[in-house]
Every structure is written in C-alpha cells, then in structure tokens.
Amino acid sequence: MMMVSSEGRALGGSYAPRQRRGPPTSLPEPDYSKYDENILNVFLMARFQRALERELDMPTEHVEFDQIVSLSHKIRSEYNHDPLVVRQRVQAVFEDVFGGVLPMLYKSIFAERVPRISEQLAAIATSIGSQWLMGPNELTTQMRTVEIERCRFLEASGCVNACVNGCKKPTEAFMSNSMGVDLYIEPNYEDFSCKFQFGQQPPPESDDPAFGEPCFLQCPTATRAMKSDGFLLGSKCENTPFSAPNTEL
C-alpha cells in the first residue's frame, strides 16, 4: 500500500485523508423527515434506489436514504474506484431514472430553442426534486443557481470521491449530454454547501478546485490506521483529475 505522511500527502504525490471536515460534529444534523415523507420525494427516492439496485444487480428490501448511500459506495468499490467507469455507471443510473423520451424532448424543445428558460426550468426542477438527496436549498442568480445549504449526501457519504465521481461529474455530463444544459457543480468541502450553476460550463478538471482535495478523515473507504511512526496507510479514495483524452464524463 502507498505510504502517506501525517499531513496527508501520499509519497507518490496523491492525497489521503488528513482531517475531519464539514459542519462541526457538535452541530446537530438537520431533520430530514419532512423531506423523506413528502410523496414526490418518496417516489424519487424509490426510483433512484431501484435504478442503483439494477445497476449493481443487488436488490434490497427497504427504500431508505442510508441504503442509497450504501449502494453508491458499492458502485465505486464494484468498479475498483476507477473514476471514469464509476462516472459512466452513475450516469447510466441517471439515464435509468430520468430516461426514455423526456431528456430528448427537453433538449429539442427547450434547451435548443430557449436556452435561458431551459436553464431556469432545470434549476427549479433540481431545487424541488433534490431536497431528499441534498437537503434544503434556495434558487439564486435569476433562478439559474441552486444553492444547497448543507449537502446531505456528501455528509452521509463522508467522501470527496463519492461527491466528485458519484455526483458532480456524472450529473454535469448527464445535464450536458442528455438534457442539453450546461451545469457546473461547485461543492464546498469546508461546510458541505454546494452550488449547482446552470448555464455555466465546468472548468477543465485540472483547473477545477473540487479536484486534488484530500478526502475526509471520516471517509468509510479510506484506510485510517495510524502507524506508530505517524504515517497513515494509503487508501483507494483518491481524487485527482482524469487525464485521458475523453474527459466529457
């Protein structure tokens, strides 16, 4: 395994968990019960979980948020944490959830004819339909930006890799490729807030501040065993820009 300094930088130049980040542990977790009990959210949560189960060929008994987080971790481990493959499989889950003719119609009717309106509609739909997954949010910037106060998924997964490769990049790719709407997702790993900025292209991964961040000490996939000499054992939870020629995902 890769050796990592106590400051979190791997000897090979990548990163490993170095500190707990996010909202203070003394700050109580928001009450998400009102979102989980909403009829629309129950439908969306069930549809999303069943799509994850089909992707993994791993049926579960009960639909619940924690099960979705667990399945999202399994997708990454199933594909050996290969960032490109994970993004492709998560995007396939999105296609399963929102697939059919809807994305094609949206792209041809709205995105290609009235791009500004399509960006606003996408932001409104995200604001309404993602509260079970990401928690409370508000619409800003002429209703084209969704500002998430404290991302529920990021906090529950405790993992930068899950955020970048299991949410950010596949969501940006799905919106651009299937819906025809540019989207830049900008997570904040200090307080777990996040911005979904519709109508804005994401920067190259080499310039995106979401990349190159060390994962969290609380990451369940990372090896956190501390040796007596102050070194951490490296983890599979790396978060570096994907450098292959095809970087659309």
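Modeller: What follows is a discussion of a predicted model.

Colleague: What does the secondary structure of the chain come to?

Modeller: The chain has 9 helices and 6 strands.

Colleague: And how much of the chain do buried residues make up?

Modeller: Of the 249 residues in the chain, 46% are buried. As for contacts between residues at least 6 apart in sequence, 60% of them join residues at least 24 apart.

Colleague: How many residues does the largest nonpolar core have, and which have the most contacts inside it?

Modeller: The largest nonpolar core has 50 residues. Those with the most contacts inside it are Phe48, Trp132, Met175, Tyr189, Phe196 and Phe198. Helix α9 gives the most to this core, with 8 residues.

Colleague: Let us take Phe198. What is it in contact with, leaving aside its neighbours within four places in sequence?

Modeller: Phe198 is in contact with Glu119, Ala122, Ala123, Thr126, Arg144, Val146, Met175, Val181, Asp182 and Leu183. One of these contacts, Met175, is also listed among the core residues with the most contacts.

Colleague: Now for open space. What is the volume of the largest pocket?

Modeller: The largest pocket has a volume of about 840 Å³. Its lining consists of 37 residues, and Phe98, Thr126, Gly129, Ser130 and Thr171 lie nearest its centre. The elements that give two or more residues to that lining are α2 (39-56), α3 (65-78), α4, α5, α6, α7 (131-134), α9 and β5.

Colleague: Which element gives the largest share of the lining of the largest pocket?

Modeller: The largest share comes from α9, with 7 residues. By class, the lining of the largest pocket has 30 nonpolar, 6 polar and 1 charged residues.

Colleague: Which residues line the largest cavity?

Modeller: Its lining is made up of Met134, Cys151, Phe153, Leu154, Cys163, Cys167, Lys168, Ile185, Pro187, Ser193, Cys194 and Phe196. Two or more of the lining residues come from each of α8 (152-157), α9, β4 (183-187) and β5 (194-198). Helix α9 provides the largest share here, 3 residues. By class there are 10 nonpolar, 1 polar and 1 charged residues in this lining.

Colleague: Turning to α5, which of its residues are buried?

Modeller: Helix α5 spans residues 102-111, and its buried residues are Pro103, Tyr106 and Ala111. Seen down the axis of α5, these fall within an arc of 60°, so they line one face of the helix.

Colleague: What covers the buried residues of α5?

Modeller: The cover includes α4 (83-98), α6 (115-129) and α9 (160-179).

Colleague: One last topic: the backbone. What is the phi of Thr141, and where is its place?

Modeller: Thr141 has a positive phi of about 50° although it is not a glycine. Its place is in the loop between β2 (137-140) and β3 (145-148). Thr141 is partly exposed, with a relative accessible area of 47%.

Key. Residues numbered from 1 in each chain as written. Predicted model: local features only at pLDDT ≥ 70, side-chain atom pairs only at ≥ 80, totals over all residues. Heavy atoms only, no water. Buried < 20%, exposed > 50% of the residue type's maximum accessible area, 1.4 Å probe, protein only. Helix = DSSP H or I, 4+ residues; strand = E, 2+ residues; numbered from the N terminus. Arc of directions from axis to C-beta. Contact = heavy atoms within 4.5 Å. 1 Å grid on protein atoms, 1.4 Å probe; cavity = no way out; pocket = protein on both sides within 12 Å on 5 of 7 lines; lining within 4 Å. Nonpolar A, V, L, I, M, F, W, Y, C, P; charged D, E, K, R; others polar. Core = buried A, V, L, I, M, F, W, Y, C linked by side-chain atoms within 4.5 Å. Points joined across faces, edges and corners; volume = space filled by probe spheres on them.
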